[in-house]
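Here are my notes for you on this structure, written as numbered points. Keep the picture open beside them and find each residue as you read.

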Amino acid sequence: MHLSGGSTMDHMEDGHVRENDEEKYVPFEVENGYSKAEMRSSLNTGAAAETTSSSRHLSKTHISAADVLKTLFFILMWYTFSTFLTLYNKTLLGDDLGKFPAPLLMNTVHFAMQAGFSRAITWYWSHRFQPTVAMSWKDYFVRVVPTALGTALDVNLSNASLVFISVTFATMCKSAAPIFLLLFAFAFRLESPSIKLLGIMVIISVGILLTVAKETEFELWGFIFVMLAAVMSGFRWTMTQILLQKEVYGLKNPLTLMSSVTPVMAMLTGLLSLIFDPWLEFKSSSYFDSSWHIARSCLLMFFGGSLAFFMVLTEYVLVSVTSAVTVTIAGVVKEAVTIVV
């Protein structure tokens, strides 16, 4: 780190009081502008040390309160965008409601919009989003591509499950995601196993079993899809935390990460759309049987893509300032809010 005024040896002297002072480490106070003499005298002056300690404590308390408020604000935004997006997906994809014929095409548009928005923002403000570290191709294919694949499968499987099961049942089953997240966090050594975490996993598992047992309109395929989505959710959030919180990959900014993973997500989902979406039946669908209906369908997909962009952005911000486990536990509360709505 570059500090103006003084040579490297000066920096070393500023940071340490040598042998006659028992090699005590003293951090250089850039903001307060302490000189070397002031710093050394503070070691022998109890009042000065106490005053400095008190001011630092107040500063930390202030920053902590600001961080809590900021985190709560992003959680509120995340709940809002996620709830609207879930209802949007159910309205368009449900068998009893919209019956949109191309769910994978819709997700492709959403991912492409996220890639376009994030790329445009990082390009326009390139001086702010310039990566500090150049990622190697090996890290890209080992870290970024699996994260993108896990995210795409999570979203696509979740939407596919809504064709068979209700939003309420899907959200209850998806609340199993913290179990798989903790398992992946243990595997990648992001968390250490403890009795408390294992207890959380047991409680969630019992709740899922009771939910499934009491479901009167149980659909096997819908249940399989949503549970596979829960597994992919645990994997992708673990990988997302690794990418956002490690300097070595140069993706600590949420928008930079989004611009890296969403193009892969769009290409994968587009390929799946070409294989599984009923393209030959589009002309007979009320969504694509006229130019006006095609334009309306595009507007609907663009609206959903905007919701998805802001929801994913708030998710990435939350993971970057907290952890994947914290965000996923908060997601369980979000699922309860979705059920109530």
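The points below go from the whole chain to the rings, the core, the charged pairs and the surface.

1. **How to read the model.** This is a predicted model, in which local features need pLDDT of at least 70 and side-chain atom pairs count only at pLDDT 80 or more, while totals for chains, interfaces and linings use all residues. Residues are numbered from 1 along each chain as its sequence is written, and side-chain values use heavy atoms, with hydrogens and water left out.

2. **The chain as a whole.** You will find 13 helices and two strands here; both kinds of element are DSSP runs numbered from the N terminus, helices being H or I with at least four residues and strands E with at least two. Of the 341 residues, 42% count as buried. Buried means under 20% relative accessible area, exposed means over 50%, and partly exposed is in between (1.4 Å probe, protein chains only). Among contacts with a separation of 6 or more, 77% come from residues 24 or more positions apart, a contact being heavy atoms within 4.5 Å.

3. **Aromatic rings.** How many aromatic pairs does a search of the whole structure find? The search gives 18. Rings of Phe, Tyr and Trp (its six-membered ring) pair if their centres lie within 6.5 Å; planes under 30 degrees apart count as stacked, over 60 as edge-to-face and the rest as tilted. Take Phe100 and Tyr287: their ring centres are 4.9 Å apart and their planes stand at 75°, so this pair is edge-to-face. Phe100 sits in the loop between α3 (46-93) and α4 (103-124), and Tyr287 in the loop between α11 (254-276) and α12 (291-321), so the pair ties together parts that are 187 residues apart in sequence. Both Phe100 and Tyr287 are buried.

4. Trp237 belongs to helix α10 (residues 220-245) and Tyr316 to helix α12, so look for a link between distant parts of the chain, 79 residues apart. Trp237 and Tyr316 are both buried. Elsewhere in your list of rings, ring pairs join Phe100, Trp279, Phe282, Tyr287 and Phe288 into a cluster.

5. **The nonpolar cores.** A nonpolar core is a set of buried Ala, Val, Leu, Ile, Met, Phe, Trp, Tyr and Cys residues joined through side-chain atoms within 4.5 Å. The largest one has 59 residues, and those with the most contacts inside it are Trp78, Phe100, Met106, Leu257, Val261 and Tyr316. Helix α12 gives the most to this core, with 11 residues. Leaving aside residues up to four places away in sequence, Val261 touches Val144, Thr147, Ala148 and Tyr316. A second, separate core of nine residues includes Leu162, Ile165, Cys173 and Val226.

6. **Salt bridges.** Side chains of opposite charge can pair when their charged atoms come close. There are two salt bridges in this structure, each a side-chain nitrogen of Lys or Arg within 4 Å of a carboxyl oxygen of Asp or Glu. Arg236 pairs with Asp154, with 3.0 Å between the closest N and O atoms. Arg236 is in helix α10 and Asp154 in helix α6 (residues 137-161), 82 residues apart. Are these two buried or exposed? Arg236 is buried at 6% relative accessible area, and Asp154 is buried at 2%. The other bridge joins Glu247 and Lys252 at 3.6 Å, N to O; Glu247 is partly exposed at 46%, and Lys252 is partly exposed at 37%.

7. **A nonpolar patch outside.** Leu271, Leu274, Ile275, Phe276 and Trp279 form a nonpolar patch on the surface, with about 580 Å² of accessible area together. Patches are made of residues with over 30% relative accessible area and no salt bridge, with like charges joined within 9 Å and nonpolar side chains (Val, Leu, Ile, Met, Phe, Trp, Tyr) within 5 Å. Areas come from the Shrake-Rupley method with a 1.4 Å probe; for residues, only the protein chains shown count as cover. Trp279 lies in the loop between α11 and α12 and is partly exposed at 38%.
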